[in-house]
Amino acid sequence: MYHDHSVKLIYLSTVEGQHFSNGTDFRTMLHYKAEGKDETIANYLEAVFRLQAIFAKTNKPIMSVAPGHSFNSGAGLLAASGFPSICHNTQVAFNECTFGFVPHAGTSYYASRLPGDFGTFLVLTGAPLNGKDAIGMGIADALIE
């Protein structure tokens with residue numbers, strides 16, 4: 001995508017009927033922790049953070065269409081897209097706190113830019129937003145029918 005100038009737009013979505021992203025797989029991380037696989041956890045989180053950075057720095061516009069859930073690091077990826085789009089059934093949540101984790105993968109960056117203290121509220125409660133509220137807060141740009 002960086003060198004092929006015929007690529008004008010990167011389109012990211014899911015197979016029909018699936019969720020956009022449930023985000024970081026905390027359940028698997030807890031299993032790895034119980035098995036003493038700390039390096040595996042570190043490698044996984046590094047890959048999540050690297051993907052977030054790639055999204056934010058890519059030289060092509062990314063249009064993400066996010067049906068269903070877009071949670072924690074998945075919500076961060078949606079927010080990092082150049083043209084984040086949601087559907088009527090979309091729920092966006094920065095819900096890492098509900099698992100006892102600190103917001104990550106760009107969450108603090110995007111949440112700090114929401115109006116007033118609403119971003120702080122979202123990361124402290126993990127409360128989900130529906131699609132229309134996500135557009136109203138500036139997390140998404142368009143509603144896809």
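**Ground rules**

I note that the model is predicted, so that local features need pLDDT of at least 70 and side-chain atom pairs count only at pLDDT 80 or more, while totals for chains, interfaces and linings use all residues. Residues are numbered from 1 along each chain as its sequence is written, and side-chain values use heavy atoms, with hydrogens and water left out. For helices (H or I, at least four residues) and strands (E, at least two) I took DSSP runs, numbered from the N terminus, and I let two strands pair if DSSP finds at least two bridges between them.

**Entry 1**

I traced an open sheet of four strands in the order 1-2-4-7, with parallel pairing. Strand 1 (10–12) and strand 7 (142–144) each have a single partner strand and stand at the edges, so one side of each is left without a neighbour in the sheet. From one strand to the next the twist averages 25°, where angles run from 0 to 180 degrees between N-to-C directions and axes are lines fitted to C-alpha atoms, for helices over the stretch in contact.

I then followed the pairings across the sheet.

How many of the five residues of strand 4 are buried? I count strand 4 (residues 83–87) as mostly covered, with four of its five residues buried; buried means under 20% relative accessible area, exposed over 50%, and partly exposed in between (1.4 Å probe, protein chains only).

I found an open sheet of three strands in the order 3-5-6, with mixed pairing; its edge strands, strand 3 and strand 6 (129–130), each pair on one side only. Strand 3 and strand 5 (residues 91–93) are parallel and share three bridges, with Ser70 opposite Val92 of strand 5. Helix 3 (residues 72–80) packs on this sheet and touches strand 3 and strand 5, its direction making about 95° with that of strand 3.

Is Ser70 buried or exposed? Ser70, which I located in strand 3 (residues 69–71), has 0% relative accessibility and therefore counts as buried. A polar atom of the Ser70 side chain lies 3.3 Å from the backbone oxygen of Gly74. Leaving aside neighbours within four places in sequence, I listed the contacts of Ser70 (heavy atoms within 4.5 Å), among them Phe20, Leu78 and Gln91.

**Entry 1: Ser81**

I placed Ser81 in the loop between helix 3 and strand 4, where its relative accessible area of 5% makes Ser81 buried. The side chains of Ser81 and Ser64 are joined by a polar contact of 2.5 Å, a term for a pair of N or O atoms within 3.5 Å; within protein, one must be able to donate a hydrogen and the other to accept it, and residues adjacent in sequence count only if both atoms are side-chain atoms. The Ser81 side chain also reaches the backbone oxygen of Leu77 at 3.1 Å. Not counting residues up to four places away in sequence, Ser81 touches Phe55, Ile62 and Ser64.

I looked up helix 1 (residues 26–34) and helix 2 (residues 38–57), whose axes come within 8 Å and cross at roughly 155°. That makes the two helices roughly antiparallel, the word for angles over 145 degrees, whereas angles under 35 count as roughly parallel, 65 to 115 as roughly perpendicular and the rest as oblique. From helix 1, Met29, Tyr32 and Lys33 meet residues of helix 2 including Ile41 and Leu45.

Asp25 sits in the loop between strand 1 and helix 1 and counts as partly exposed at 34% relative accessibility. I found the side chains of Asp25 and Thr28 joined by a polar contact of 2.6 Å. The C-alpha atoms of Asp25 and Asn72 are separated by 9.8 Å, although the two residues lie 47 residues apart along the chain.
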